[in-house]
Structures are given as structure tokens and as C-alpha cells.
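Work through the two exercises below with the sequence and the model side by side. Each task is followed by a solution in steps.

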Amino acid sequence: MNRKIAALLILAATLAFEIPVYAGLVATQQTTGHIRIINGTNAGISVTPTFLEFGNVTWGATVTKQITVLNTGNCIENINATASQAALVSGFLFQGLKPGHQIVVNATYNTTVFSSPGDYSFTIDWTAMCT
């Protein structure tokens with residue numbers, strides 16, 4: 001056998017043993033996971049408090065209470081609120097509430113709308129629509 005060929009075989013054999021040593025210095029790790037893909041078309045909201053008590057208010061005054069609206073759906077929603085009385089600020093619209101996020105709405109009751117003191121009830125209708 002030729003010395004050059006023998007040297008080449010020895011050199012190749014030496015390199016072949018060095019590769020596993022280099023590979024031993026590399027660590028690997030595997031990550032597992034899970035995803036549930038939904039179509040994102042289910043609107044839902046949770047409004048608190050469910051009963052809004054303004055209490056005793058002097059006639060002619062304006063009073064404000066806070067309402068929290070949480071997006072419980074799985075889509076970005078436009079939230080709309082309409083009150084049954086003109087005394088309560090009506091026509092509220094919030095666009096782009098993301099799932100799991102909430103907003104705080106100021107409900108302002110203006111008693112000057114009424115001509116006299118009295119006991120008054122109202123409703124607020126909330127609507128959530130996927131965008």
C-alpha cells in the first residue's frame with residue numbers, strides 16, 4: 001500500500017473518531033405543546049354589577065356609577081349599551097374589545113331630565129357583536 005494512501009486512511013479514521021466527541025458537546029431538548037383553534041365567532045359579555053343602585057340623589061343633580069364589561073367570548077367585540085330612560089346617558093359604543101379584556105363604563109344619571117322628585121327605574125340593554 002502506498003504511504004500517501006495509508007496516511008489518508010489514518011487521517012480519515014482519526015477524523016471519524018473526533019466527530020462523536022464534538023457531537024457529545026451538543027445538548028438537545030424537545031418541547032411539546034397543544035393548541036385549540038376556534039373560529040372566533042362566539043360573542044359573550046359579563047356586566048357587573050347586574051343591579052345598579054344610585055341611591056338617594058338630590059333632584060337636579062347628576063350622579064355617576066361605574067359598570068365593568070368583560071368580553072367572555074372568543075372574538076373581538078363591539079359593545080353597545082342603550083338605556084330605557086333619557087336620564088341615563090345612552091347610546092354607548094365601544095369598538096374592539098379583545099377576548100378576556102374588560103372596560104369600565106361610567107353610567108351617568110342626570111336627574112334634571114325629570115320635572116319633579118320621585119322613584120324611577122331603568123334598564124340598560126347591552127349588545128356584543130363579533131367584528
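This is a predicted model: local features need pLDDT of at least 70, side-chain atom pairs count only at pLDDT 80 or more; totals for chains, interfaces and linings use all residues.

**Exercise 1.** Find which residues touch the most other members of the largest nonpolar core, and which elements give residues to this core.

*Solution.* 
Step 1. A nonpolar core is a set of buried Ala, Val, Leu, Ile, Met, Phe, Trp, Tyr and Cys residues joined through side-chain atoms within 4.5 Å. Buried means under 20% relative accessible area, exposed over 50%, and partly exposed in between (1.4 Å probe, protein chains only).
Step 2. The largest such core has 18 residues, and F54, I67, V69, V105, Y109 and W126 touch the most other members.
Step 3. Two or more residues each come from β2 (62–71), β3 (77–83) and β5 (102–110). β5 gives the most, with four residues. Strands are DSSP runs (E, at least two residues), numbered from the N terminus.
Step 4. Residues are numbered from 1 along each chain as its sequence is written, and side-chain values use heavy atoms, without hydrogens and water.

**Exercise 2.** Find which cysteines the disulfide joins, and state whether each is buried or partly exposed.

*Solution.* 
Step 1. A disulfide is a pair of cysteine sulfur atoms within 2.5 Å. A search of the whole structure finds one.
Step 2. This disulfide joins C75 to C130, with S to S 2.0 Å. The link is left-handed, with -75° about the S-S bond.
Step 3. C75 lies in the loop between β2 and β3 and C130 in strand β6 (residues 124–130), so the pair ties together parts that are 55 residues apart in sequence.
Step 4. C75 has a relative accessible area of 5% and is buried, whereas C130, at 23%, is partly exposed.
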